[in-house]
Amino acid sequence: MNTRFNTIAAALLAVGICGCSSSMQSASTSAPPATGGPSATVTAPAANPADVNFMSGMIPHHAQAVLIAGWAASHGARDDVRVLCERIVVGQSDEIHLMQYWLRQHGQEVPAATSMRMKMKMADGMVMDMLMPGMLNDEQLAALDKSRGSDFDRLFLRAMIAHHGGAISMVDELLGSPGAGNDDLVYRFASDVYADQTTEIERMTKMLATVPAPRAP
């Protein structure tokens, strides 16, 4: 997860720089230009719609992963599953903040860190709440929440493998869109998601093979 950490660290450094300089920027933009000097207007860089959709959609995707991974301790997960879940909670929580920062910097609507639906504006102006690829629906979430011990381990690993697969498909869609991924932070983040979650799918598949089969009724 070193590449993911580097991406987040670089963005958080940018957040710190922006935070420290925000008062100076505000003062400079509100003050009148010097006599005879050119006036300048600072505008946020235009964002590619596919980049916006990816970052907006990945926030609820991550939010659900953080939610269900957070159940490990209370649902009797075995040690290696619990360690995996702790990494998911920490890593994806940080990435949610990264995506919120990017959207905010580009003047876009910022989903809440706990939001688990993406708001899609339709052509007729209606707004629909959508689950992103690989996410669990309400019935699947309820079944996972009711499970304990090995049953939780099995359901969680199956769910998270599909969940990661959904994230990978979102990266594929992003990079297949015209003009998308040219923003450096978006590209590095998407690349890290693809690499890290592909690796975690392989690890979880091996873990799943060692979970005892469910008991016959």
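The model is predicted: local features need pLDDT of at least 70, side-chain atom pairs count only at pLDDT 80 or more, and totals for chains, interfaces and linings use all residues. Residues are numbered from 1 along each chain as its sequence is written, and side-chain values use heavy atoms, with hydrogens and water left out.

**Exercise 1. State which secondary structure elements the protein contains and in what order they occur.**

Step 1. Helices (H or I, at least four residues) and strands (E, at least two) are taken as DSSP runs, numbered from the N terminus.

Step 2. The protein has six helices and two strands.

Step 3. Along the sequence they follow the pattern α-α-α-β-β-α-α-α.

Step 4. With contact meaning heavy atoms within 4.5 Å, 78% of the contacts between residues at least 6 apart in sequence join residues at least 24 apart.

**Exercise 2. Describe the salt bridges Arg 117–Asp 138, Asp 151–Arg 154 and Arg 188–Asp 184.**

Step 1. The criterion is a side-chain nitrogen of Lys or Arg within 4 Å of a carboxyl oxygen of Asp or Glu. The structure holds four such salt bridges.

Step 2. Arg 117 and Asp 138 meet at 3.2 Å, N to O. This pair links distant parts of the chain, 21 residues apart: Arg 117 belongs to the loop between α3 (79–105) and β1 (118–121), and Asp 138 to helix α4 (residues 138–146). Arg 117 is partly exposed, at 29% relative accessibility, and Asp 138 is partly exposed at 47%.

Step 3. For Asp 151 and Arg 154, the closest N and O atoms are 2.9 Å apart. Both residues lie in helix α5 (residues 150–175), three residues apart, about one turn of the helix. Arg 154 is buried because its relative accessible area is 7%, whereas Asp 151, with 37%, is partly exposed.

Step 4. Arg 188 and Asp 184 also form a salt bridge, at 2.9 Å from N to O. Helix α6 (residues 184–208) holds both, four residues apart, about one turn of the helix. Arg 188 counts as partly exposed at 28%, as does Asp 184 at 49%.

**Exercise 3. Characterise the packing of α3 against α5.**

Step 1. Axes are lines fitted to C-alpha atoms, for helices over the stretch in contact, and angles run from 0 to 180 degrees between N-to-C directions.

Step 2. The two helices pack at an angle of about 40 degrees, with their axes 12 Å apart.

Step 3. Residues making the contact include Val 81, Leu 84 and Ile 88 of α3, and Phe 156, Leu 157 and Met 160 of α5.

Definitions and conventions. Buried means under 20% relative accessible area, exposed over 50%, partly exposed in between (1.4 Å probe, protein chains only).
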